[in-house]
Amino acid sequence: MRLGPGFSNLLPYAIAAILLTGAGHLARLWLNQAAAPPAPAKDGLRRGMGRAWLRGLQAFFHGTAACNNFIFLSVAYFAGIGITSLFAGRKEKKFPAPGSTPPAGYWQDLNLGKREADAYYRPF
Amino acid sequence: MYILGISCHYHDSAATLLKDGLVVAAAEEERFSRRKHDAGFPLAAIRWCLESQGIGIDQIDHIAFYEKPFLKFERILRQHLDNFPRSFKTFHMAMPKWLTEKIRIRSVLKKQLGYRGDVLYVDHHLSHAAGAFLPSPFEEAAIVTVDGVGEWTTTAYGMGRGSSVELLRDIRFPHSLGLLYSAITAYLGFSVNNSEYKVMGLSPYGRMDRSAGRGSAGDKAANPMYSKLRQVIDIHEDGSYRLDMDYFLFQHSDRMPAERLCRLLGGPVRRPEEELLPRHKDVAAAVQMITEDVVLAILRHAHHVTGCPNVVLSGGVALNSVCNGRILAETEFKNIWIQPNAGDAGNSMGAALFAHCAVLGRPRSYRLDHAYLGPEFSGAEIGKFLSDKGIRHSRFASREALVSEAARLLHAGQVVGWFQGRMEWGPRALGARSILADPGRPDMQAILNEKVKHREAFRPFAPAVCAEDADEYFQCDSPLPLPADFMLMVYPIREKWRARLPAVTHVDGTGRLQTVRRAANPLYYDLIKEFGTLSGIPMLVNTSFNIRGEPIVCTPGDAYRCMMGTGIDCLFIGDFLVRREDNSKDIWDSESVATD
Ligand SMILES: [Fe+2]
């Protein structure tokens, strides 16, 4: 099988794959989502190599997915949350000074449970 | 008509199946998956619910989900907006699940179950309220719900009448009594959403002055941490409250206590397994006192508003049995009822009952008078398991023989595994999946802690006593409230019995009793009585049939594995008796896997 001209030298692709896998693993570590390493299996050489190849592929795909997620979510966070937060008023977070508790207390009206049945067919 | 109630995706996933308005099956996913507090989709629990009735998913008329996912998502987004850019990490941690599962309930149900019918979404605290009121014995009751957080609500009160449930007023995130308790749980080095009850168990070791009257100014003044911790919460006389968010990180971080809280409490977050210092015990006592202050104030206010003599409680905070034990004595309420599964798992029942009664307008006909709603195994199934595994066992010819032998072994000081009938609904073992022992032996607490449960020495064990005998041993409310059947009330043990019940008497002289009624569990009741005729005290130590870090056992296989990995001497499983000494080889060492 002949590969296209871009594949004449596989080294950059291998390096990119390793970097992607590593970066993805680091992202998963940071997010406390890294999977525990699998228990070592007592395989023969051929099966052992096959298993290692599969693990490598799995790590690559997990790493790529983690990188993609990280990039996508970072864009969403800074573009979506960040820009919106500039316009959305932040909630008042002041804690009352001692003795200044409002006389009406902190209860808010809720009135839940008396809606039309249709309201419960909606997830909002 | 079948309605399936589901709660999942936060912690303690569970499923409840209603048939014509009656609960016919209810179980938490953790018992099947063997992952404690499993938050995943409760597929195994749902499958068991369906199998137990011999039906398929196509026979389910409605699924009731325990919250409104879009409202919760709105709150999560609002949190990130308010905390930009500090919430960068938690945004990355939370969003993938939210976008793929948590707001796509309908597609998850279709994918996991092949379900294409109606889905009803009942607000989180409305599910709590319905789960507290609709299965209760009351025609009318005030309802109080207190937990970490639902969609926005963290605390609410309202009223239940007949088939209707209404929540009138609430307190909203981030102001949450449940999250305050959890933040202190984290500060004390215990795991959040799991070990809050350890903080409750630790609290009597803190400084206090009960001679001044429990909850009195003198009692609180004796604990220097109380006044410090009061700085983080402003409590109004109507029980409403507000947290000072400068002391907490839970809005934007996976950690809960802020550096400022650590400075206030005089030291850093305790590492797990680090020694518990007097300061830690004072902090546990202080947060417990504050919790009791708030809950009792809310209840007084709810009584003032509703004028009703009955109250039902729900939400994780309703599992605080120390606080519950004060309610009837210190508020105007005359009767109380709490669901055995008052946390989020119980919302699967609440959502299903709400759908049945309030949404579909069908009559309210279910009363929850026992908690045995989970899987059970027939004698044939247990016998086959024992034979297939080559486990040596004997079989009793009669119920009386079983009770008599179990009582004899308990009186001889043995630790007994008790696996009988349907599994309990809720976090407490109530005599279906229990480890039992003699409460009168001075060394029993140490034996159970070291050989069986591998848990912290400060935690007491619970006593199980027949309902009509409770008043003899405990200073309990009269008439005895029903939640005591679900181990949800802590009462002082009468002075004269404390020295004779060392395994179940906590450091402050209290006990978290389980009362047993013969109508609910005749075998267990008869065992306690039979033990009483031998020992002179009809009471047993009842602790959950598991080791630290594992869910309570569900199947005969789980029970046998737990027995053989621990110091349990024998197992009464259905009609069978399995002795450890007859099956000499330990199949695993539970100590190596005991976790928080
Ligand atoms: Fe809840």
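## Basis of the description

The model is predicted, so local features are given only at pLDDT of at least 70 and side-chain atom pairs only at pLDDT 80 or more, whereas totals for chains, interfaces and linings use all residues. Residues are numbered from 1 along each chain as its sequence is written, chains are lettered from A in the order in which they are written, and side-chain values use heavy atoms, with hydrogens and water left out.

## The interface of chains A and B

In this model, 62 residues of chain B are in contact with 45 residues of chain A, contact meaning heavy atoms within 4.5 Å. The area buried between the two chains is about 4,900 Å², with carbon and sulfur atoms giving 62% of it; buried area is the accessible area (1.4 Å probe) that two parts lose on being put together, summed over both. Across this interface the rule finds two salt bridges, a salt bridge being a side-chain nitrogen of Lys or Arg within 4 Å of a carboxyl oxygen of Asp or Glu. One of them is formed by A:Arg115 with B:Asp123, whose closest N and O atoms are 2.3 Å apart. There are also 24 residue pairs in polar contact between chain B and chain A, both residues being at pLDDT 80 or more; a polar contact is a pair of N or O atoms within 3.5 Å, where, within protein, one must be able to donate a hydrogen and the other to accept it, and residues adjacent in sequence count only if both atoms are side-chain atoms.

On the side of chain B that touches chain A, the largest share, nine residues, comes from strand 8 (residues 164-172) of chain B; helices (H or I, at least four residues) and strands (E, at least two) are DSSP runs, numbered from the N terminus. By class, that side of chain B has 32 nonpolar, 14 polar and 16 charged residues, where Ala, Val, Leu, Ile, Met, Phe, Trp, Tyr, Cys and Pro count as nonpolar, Asp, Glu, Lys and Arg as charged, and the others, Gly among them, as polar. Strand 8 of chain B also runs antiparallel to strand 1 (residues 108-112) of chain A, to which three bridges join it, and within this pairing the bridge partner of A:Gln108 is B:Asp170. Two strands are taken to pair if DSSP finds at least two bridges between them.

## A five-stranded sheet in chain B

Five strands of chain B form an open sheet with mixed pairing, in the order 3-2-1-4-5. Its edge strands are strand 3 (22-28) and strand 5 (118-121) of chain B, each of which pairs on one side only, and the twist averages 20 degrees from one strand to the next. Strand 4 (residues 62-65) and strand 5 of chain B pair in the parallel sense over four bridges, with B:Val119 as the bridge partner of B:Ile63.

Helix 5 (residues 105-113) of chain B lies across strand 1 (2-7), strand 4 and strand 5 of chain B, and runs at about 135 degrees to strand 5 of chain B. Helix 14 (residues 347-359) of chain B also packs on this sheet, touching strands 1, 2, 3, 4 and 5 of chain B, and its direction makes about 140 degrees with that of strand 1 of chain B. Axes are lines fitted to C-alpha atoms, for helices over the stretch in contact, and angles run from 0 to 180 degrees between N-to-C directions.

## An eight-stranded sheet in chain B

An open sheet of eight strands in chain B has the order 13-22-21-14-15-20-16-19, again with mixed pairing, and its edge strands are strand 13 (394-395) and strand 19 (514-516) of chain B. Strand 14 (residues 416-419) and strand 15 (residues 433-437) of chain B run antiparallel and are joined by four bridges, B:Arg433 being the bridge partner of B:Phe419.

## Local features

Over all chains, the count comes to 34 salt bridges. B:Glu468 forms a salt bridge with B:Lys529, with the closest N and O atoms 3.2 Å apart, and this pair links distant parts of the chain, 61 residues apart.
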